[in-house]
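The sequence and structure are shown first.

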Amino acid sequence: MNSATRQELFACLKTVNPNPTTELEYQSSFELLIAVLLSAQATDKSVNLATRKLFAVADTPRKMLMLGEERLLDFIKSIGLFKTKAKNILATCRILEQQYNGEVPRTREQLEQLPGVGRKTANVVLNTAFGEPTIAVDTHIFRVANRTGLARGKSVLEVELKLLKVVPKAYRHDAHHWLILHGRYVCKARKPECNRCVIYHLCEYKDKTA
Ligand code: SF4
């Protein structure tokens, strides 16, 4: 895919969704961090159902620690891997309290040292809470980037690094959300809905439907 086509691809995605954002509900960088930690292998919808009640009583690291493991488990037990996630959340809150005065740190290195926080979670927090032009490649972005020809790669890291190189600067901050939402609702894994795809004419996927 050449640069003029990439430019047009993002212009099309922007036309249908000028201000894309995460579907996770949050009011602060701390709430976003916790929501992203909970969202691994879970839907945003299921996370929102749990965090609406959880954040009403624990919207800071200190309050989360005061809540304790048993009560935290109760709030998140409908979410996959909830036991591991509860341990990671509390260990993360301890570090935030002890080392960062209860704030979420703003660098990748610091974020990735928090329990349960990998490159993808750090990228989401850096992008969505702190406005950095990072691109967190998940299963949806990986699929869309490969199918369209925007940034082909065998691993999520390869795709991420390619996207950072080829996404036009003007679109880099929101690229993450445009590509996720496109993969989640249009370019679906099993049956892409090519007949209603706004980038159909630009996409290089050889098995386009319709
Ligand atoms: S044309 Fe089809 S395969 Fe290509 S991006 Fe659109 S939905 Fe996905």
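Is Glu204 buried, partly exposed or exposed? The relative accessibility of Glu204 is 37%, so this residue counts as partly exposed. The model discussed here is a predicted one.

Glu204 and Arg152 meet through their side chains in a salt bridge, with an N to O distance of 3.6 Å. This pair links distant parts of the chain, 52 residues apart: Glu204 belongs to the segment after α10 (172–185), and Arg152 to the loop between α8 (139–148) and α9 (156–166). Arg152 has a relative accessible area of 39% and is therefore partly exposed.

## Other salt bridges

In total, the structure holds 14 salt bridges. One of them joins Glu112 to Arg108, with 3.4 Å between the closest N and O atoms. Because Glu112 and Arg108 are four residues apart in helix α6 (residues 108–112), about one helical turn separates them. Glu112 has a relative accessibility of 33% and counts as partly exposed.

A further salt bridge connects Glu193 with Lys188, where the closest N and O atoms are 2.7 Å apart. Both residues fall between the limits of 20% for buried and 50% for exposed: Glu193 is partly exposed at 24% relative accessibility, and Lys188 is partly exposed at 31%.

## The ligand and its shell

The ligand sits in the largest cavity. Around the ligand are Thr148, His182, Cys187, Pro192, Cys194, Cys197, Ile199, Tyr200, Cys203, Tyr205 and Lys208. By class, this shell comprises eight nonpolar residues, two polar residues and one charged residue.

## The largest pocket

The volume of the largest pocket is about 680 Å³. Its lining is made up of 33 residues, and those nearest the centre of the pocket are Ser39, Ala40, Ala42, Asp44 and Lys120. Two or more lining residues come from each of α2 (29–38), α3 (44–57), α5 (82–100), α7 (119–128), α8 and α10.

Which element gives the most to the lining of the largest pocket? That element is α10, with six residues. The lining divides into 12 nonpolar, 14 polar and seven charged residues.

Definitions and conventions:
Residues are numbered from 1 along each chain as its sequence is written. This is a predicted model: local features need pLDDT of at least 70, side-chain atom pairs count only at pLDDT 80 or more; totals for chains, interfaces and linings use all residues. Side-chain values use heavy atoms; hydrogens and water are left out. A residue is near a molecule or strand if one of its heavy atoms lies within 4 Å of it. On a 1 Å grid over the protein atoms alone, a cavity is a set of points where a 1.4 Å probe fits but cannot get out, and a pocket is an open set with protein on both sides within 12 Å along at least five of seven lines; lining residues have an atom within 4 Å of a point. A molecule sits in a cavity or pocket if more than half of its atoms lie within 2 Å of its grid points. Ala, Val, Leu, Ile, Met, Phe, Trp, Tyr, Cys and Pro count as nonpolar, Asp, Glu, Lys and Arg as charged, and the others, Gly among them, as polar. A salt bridge is a side-chain nitrogen of Lys or Arg within 4 Å of a carboxyl oxygen of Asp or Glu. Buried means under 20% relative accessible area, exposed over 50%, partly exposed in between (1.4 Å probe, protein chains only). Grid points are joined across faces, edges and corners, and a volume is the space filled by probe spheres set on the points.
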